[in-house]
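Here is a short note for a first look at this model. Please read the points with the structure open.

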Amino acid sequence: MLGSQRHRRRATSALAGLGLLATAVALQVGTDATPAHAATPHRVLFDDGHAEEAGNADWIVSTAKPDPLAQDSSPSAETDWTGALSSWGVALQKTGDYSLKTATSALTYGGSSTTDLSNFDTLVLPEPNTLFTTAEKTAIMNFVKNGGGLFMVSDHTGADRNNDGEDAVEILNDLMTNNSVDSTDPFGFSVDSLSIGSGYPAAISDSADPVLHGSFGTVTKSLIASGTTATLKPADNPSVKGLLYRSGYSGNTGAFFATSTFGSGRVAFWGDSSPVDDGTGQSGNTLYDGWNDTGATNAALALNATEWLSGASGGGGGTDCTDTQLLGNAGFESGATTWSAGSGVITDSTGESARTGSYYAWLGGNGTAGTETLAQSVVLPAGCTATLALYLHIDTAETTTTTAYDTLRVQVLNSSGTVLGTLATYSNLDAASGYTRRTLGLSGYAGQTVTLRFTGTEGSKLQTSFVIDDTALDVT
């Protein structure tokens, strides 16, 4: 005898699509909104020891070095700090989540200097104009390998601002191909020897990517004002990914902004320094205000990328595994926000009951063949223990005790949508009264940006409801 189908009334405002929106404690650039402060501020070091101020350049966050707070301890405008990167620095400082310093001497790793890389999460190389020494290249590569974030900002071929015969293209390629740690294309890309006059490279369509869709806003376009691109080599490093492309290019060529990983660390590349130039450098320098260019979203790109890079394991300065909960809208009480879900999956319908509050997630329960999904993206800190916990209630009209007709899969995907693993599969055979707490380990994916996806599939004429509430992703 067929069981009765469970009819339900669902809210219809849920977000559509299978992609994932980044955690929505949003700080929009240019607003007064402020996110909750991180337990430990992200530590960012801007390099100024390789002719970043040579010629007409002024790639510093402040004239006060190493600590920009010495110029203004509570900056509110880009002009409160002096330098073409002051907008970048001030925007980070205002969140309360970042500690910024400037390096003016040789870069080291594992030393006692206050600007030693072991004390930082992210290193920014804003168009270096002198070659790194052998020791510096070893320090930088080991810093990334052990969990640091590396932000490489290039410029066009021939931008030799100090006339020493080397430009940023050559210097960054030398770093990647002539070091003692890994010279076999470690990041999976090379910088092109080009001088591209102008353009607005466009972002790829990837709603799950944390650099394109991060806490500082959504990235749509960037800016070329004499710059270059990169050629990607995924055969050498499959994690390399182009995020913005020069017009007419895609795939492995013409990548204007790219990301990659190396060891436990992360890497970002930008093909021009003009996008981070706020036009407010020191007297006598002619600068280009790309930061505020209305045709691009350069500020969001710079800030989201810094946030992503700083979310790796900490560059050897000690992984921050402070007990924290990573999921947004974990109990669904904000309705259809933060999660990406099929229509009506997040609901306050009386057809089922929330464990706490009013809202919950309901997959299945239709009594017809079909699939529904619920997903959210998270950045899992490297070197930490991560555990997904949820409360799950399953009820069914199926009468079999042997066949799993209807299933709920809990899976981990990368930013390209590839399934990395299945954490658990539940079915109509697991039906029981009330909610049951389930815990699933995620430590094997530490150091990665992943999407957690729940997929409910009904394959027969009798309904099975998979009801989820009070989720949590704890890192310790």
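**Notes on helices and backbone**

1. Start just after helix 2, where G147 takes a positive phi of about 120 degrees. Helices (H or I, at least four residues) and strands (E, at least two) are DSSP runs, numbered from the N terminus. This is a predicted model: local features need pLDDT of at least 70, side-chain atom pairs count only at pLDDT 80 or more, and totals for chains, interfaces and linings use all residues. Residues are numbered from 1 along each chain as its sequence is written, and side-chain values use heavy atoms, with hydrogens and water left out.

2. Helix 2 covers residues 134-145. Its 12 residues should span 16 Å at 1.5 Å a residue, and the end C-alpha atoms are 16 Å apart, which agrees. The expected span is 1.5 Å times one less than the number of residues.

3. Which residues of helix 2 are buried? They are E136, K137, A139, I140, M141, F143 and V144. Buried means under 20% relative accessible area, exposed over 50%, partly exposed in between (1.4 Å probe, protein chains only). An α-helix has 3.6 residues a turn, so residues three or four places apart point the same way.

4. The cover over these buried residues includes strand 3 (122-126), strand 4 (149-153) and helix 3 (168-177). Strand 13 (255-262) and strand 14 (265-270) also belong to the cover. Contact means heavy atoms within 4.5 Å.

5. Now turn to helix 1 (residues 86-95) and helix 4 (residues 298-309). Their axes come within 10 Å and cross at roughly 55 degrees. That makes helix 1 oblique to helix 4. Axes are lines fitted to C-alpha atoms, for helices over the stretch in contact, and angles run from 0 to 180 degrees between N-to-C directions. Under 35 degrees counts as roughly parallel, over 145 as roughly antiparallel, 65 to 115 as roughly perpendicular, and the rest as oblique.

6. What meets at this crossing? W88, A91 and L92 of helix 1 meet A302, L303 and T306 of helix 4. The contact residues divide into five nonpolar, one polar and no charged.

7. Check the peptide bond from K65 to P66: it is cis, with omega near 5 degrees. P66 sits in the loop between strand 1 (42-47) and helix 1.

8. D185 is not a glycine, yet has a positive phi of about 55 degrees. D185 lies in the loop between helix 3 and strand 5 (189-191). At 12% relative accessibility, D185 counts as buried.

9. D470, in strand 25 (residues 464-475), has a positive phi near 50 degrees. D470 is buried, with a relative accessible area of 18%.

Conventions: Nonpolar A, V, L, I, M, F, W, Y, C, P; charged D, E, K, R; others polar.
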